[in-house]
Amino acid sequence: MKLHNEICPHCKKLNANLNLKETDGSYECIDCGKVTKVKGISRNGRWIPLLSPEDLLRKLGKTPSVAEVMAK
Ligand SMILES: [Zn+2]
């Protein structure tokens, strides 16, 4: 399971540890309750993925050193 942090475009509240995959990119703001659909991953810079070492391994297609993992 991959969790994400999103900043609500309506009230700027940080919504942490969202499971966007489960909701197909939608989340309900914990503060204002508005439902926001997230798209354009990393395009607008608001998307902060929390990658596990396993995810990094898959992305890189090789075994990164600890230093490489920390630098991502
Ligand atoms: Zn909000």
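Where pLDDT is low, the predicted coordinates should not be read in detail.

This is a predicted model, where local features need pLDDT of at least 70, side-chain atom pairs count only at pLDDT 80 or more, and totals for chains, interfaces and linings use all residues. Residue numbers run from 1 along each chain as its sequence is written.

**Confidence**
- The protein has a mean pLDDT of 78, with 68% of its residues at 70 or more.

**Overall layout**
- You'll find two helices and five strands in the protein, in the order β-β-β-β-β-α-α along the sequence. Both kinds of element are DSSP runs numbered from the N terminus: helices are H or I with at least four residues, strands are E with at least two.
- Of the 72 residues, 3% count as buried. Buried takes 20 or more other C-beta atoms within 10 Å of the residue's own, exposed means 12 or fewer, and partly exposed is in between, with C-beta atoms placed from the backbone.
- Take the contacts between residues at least 6 apart in sequence: 24% of them join residues at least 24 apart.

**The β1-β2 hairpin**
- Strand β1 (residues 4-7) pairs with β2 in the antiparallel sense, over three bridges; two strands pair if DSSP finds at least two bridges between them.
- Six residues sit between the two strands of this hairpin, and Lys 12 in the turn has a positive phi of about 70°.
- Glu 6 stands opposite Asn 15 in β2.

**Asn 15 up close**
- Asn 15 counts as partly exposed because it has 17 C-beta neighbours inside 10 Å.
- Beyond four places in sequence, its contacts are Glu 6, Cys 8, Tyr 27, Cys 29 and Ile 30.
- Ile 30 is 15 residues away from Asn 15 along the chain, yet their C-alpha atoms are separated by 6.5 Å.

**Glu 28 up close**
- Glu 28 belongs to strand β3 (residues 26-28) and is partly exposed, because it has 14 C-beta neighbours inside 10 Å.
- Leaving out residues up to four places away in sequence, Glu 28 touches Gly 33 and Val 35.
- The C-alpha atoms of Glu 28 and Cys 8 are separated by 8.9 Å, with the two residues 20 apart along the chain.

Conventions:
pLDDT = per-residue confidence, 0-100. Contact = placed C-beta atoms within 7 Å.
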